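Subject: Structure handover

Hello,

Here is the structure I said I would pass on. Please open it next to this message, and then read the notes below.

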Amino acid sequence: EAKTRGRNTYHFYDPSLQQRGMRRLYLENGLKQALELDQLSLYFQPKYDSRGAKLIGAEALLRWRFQDVWVSPVEFIPLAEETGLILPIGEWVLETALRTLAEWRAAGIVDAHFHMAVNVAPSQFWHPRFAQHTLDILRHFLPDAAGALELELTESCLLRPTEESLRCFDRLRRAGVRFAVDDFGTGYSSLSYLKQFPLDVLKIDQSFVRDCIDDPSDATIIRAIIAMARGLGLEVIAEGVETTEHAVFLRDAGCYLLQGYLLAKPMSAEMFAGFCRDFARHPICGTSVLNGTG
Ligand code: C2E
Ligand code: MG
Ligand code: MG
Ligand code: MG
């Protein structure tokens, strides 16, 4: 008893906790500055349709290099959420992602069906002006491009279907914005949001894809998600597709849209343009079972 309490008390003064606090402060100040000094950047990862060997879109992913070290968004996004910095950062991401898509379209690097996917954090999505800000940016960069923007929401964004969040959905959808549920299957257990929100895409989380060849539970979960998406009239895409085996398993299970290192790691806008130009020579395009010919 006493020993446990003693350990708990000690835990309170755990130096690693103090170190975590210091790192937090360090990153928080750094992030504020990075935004002001325009030191954030976006990388882009392609999405592929194995029915026709076609690139269908890209996901924009934030990158931050701070004092010569890359800081993972897994670490700084939650921090940005807690401090409210996610609002200006989120607007910067939307602007930069849509400007980039407009440039790619103007340069003929991608066609008119190619979309840009942007991740949206819950506090961003719940902000009362989110729909207006997003529409303003969309109209500025892509005035006549319905379907150009896909918003990736996590299940926690969809926890509470308030009248306001439904109105937000409605406004954006009428402007042609599409909605995907990111990391599908890892969030809250209630699925009732699937019938309350007008969604377009389920994104199978990479944790299910990773071991789908060896782990029958993962394979079963993936098949169930695909069946559910089909039944609900939603598209389904898999993230974290790293091997041909993954892609073939998914194709056989009825999931044709793929994203992951098998296609490419996230890359700069310049590299992405080159990637698109050379895409016909990508190994996946020569794999008959993955290019729609097999
Ligand atoms: P996410 O939206 O689920 O993005 C997928 C993550 O998986 C990305 O990590 C991507 O680089 C990584 N990934 C892609 N393909 C593979 C693969 O084949 N194997 C493996 N192991 N990983 C792969 P990243 O870029 O570190 O981003 C992590 C998370 O941070 C994102 O997860 C997203 O939740 C968040 N995030 C990133 N950028 C933004 C942003 O602009 N706004 C918001 N709100 N969140 C963001
Ligand atoms: Mg995402
Ligand atoms: Mg994801
Ligand atoms: Mg994820």
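Which backbone nitrogen does the side chain of D215 reach? The side chain of D215 reaches the backbone nitrogen of S217, at 2.8 Å. This is a polar contact, meaning a pair of N or O atoms within 3.5 Å; within protein, one must be able to donate a hydrogen and the other to accept it, and residues adjacent in sequence count only if both atoms are side-chain atoms.

Before the rest, some ground rules. This is a predicted model, in which local features need pLDDT of at least 70 and side-chain atom pairs count only at pLDDT 80 or more, while totals for chains, interfaces and linings use all residues. Residues are numbered from 1 along each chain as its sequence is written, chains are lettered from A and ligands numbered from 1 in the order in which they are written, and side-chain values use heavy atoms, with hydrogens and water left out.

The ligand

Ligand 1 is surrounded by 23 residues, each with a heavy atom within 4 Å of it. The closest are R63, N119, D182, E242 and Y261. The side chain of R63 has an N or O atom 2.8 Å from an oxygen atom of ligand 1. From Y261, a backbone N or O atom lies 2.8 Å from an oxygen atom of the ligand. For L62, a backbone N or O atom is 3.1 Å from a nitrogen atom of ligand 1. Taken alone, ligand 1 exposes 800 Å², and the protein buries 83% of that (Shrake-Rupley method, 1.4 Å probe).

Ligand 1 sits in the largest pocket. A pocket is an open set of points on a 1 Å grid over the protein atoms alone, with protein on both sides within 12 Å along at least five of seven lines; to sit in one, a molecule needs more than half of its atoms within 2 Å of its grid points. Two or more residues of the shell come from each of β2 (54-66), α3 (73-83), β4 (115-120) and β6 (178-184). These labels are DSSP runs numbered from the N terminus: helices are H or I with at least four residues, strands E with at least two. The largest share, 4 residues, comes from β2.

Other residues

D38 lies in the loop between α2 (15-36) and β1 (40-49). Its phi is near 60°, a positive value in a residue other than glycine. D38 counts as exposed because its relative accessibility is 53%, and exposed means over 50%, buried under 20%, partly exposed in between (1.4 Å probe, protein chains only).

D183 is found in strand β6, and its phi, near 50°, is also positive in a residue other than glycine. At 25% relative accessibility, D183 counts as partly exposed.

D215 is in the loop between α9 (206-210) and α10 (216-232). With a relative accessible area of 28%, D215 is partly exposed.

L98 lies in helix α4 (residues 86-106) and is buried, at 0%.

Regards

Notes: On a 1 Å grid over the protein atoms alone, a cavity is a set of points where a 1.4 Å probe fits but cannot get out, and a pocket is an open set with protein on both sides within 12 Å along at least five of seven lines; lining residues have an atom within 4 Å of a point.
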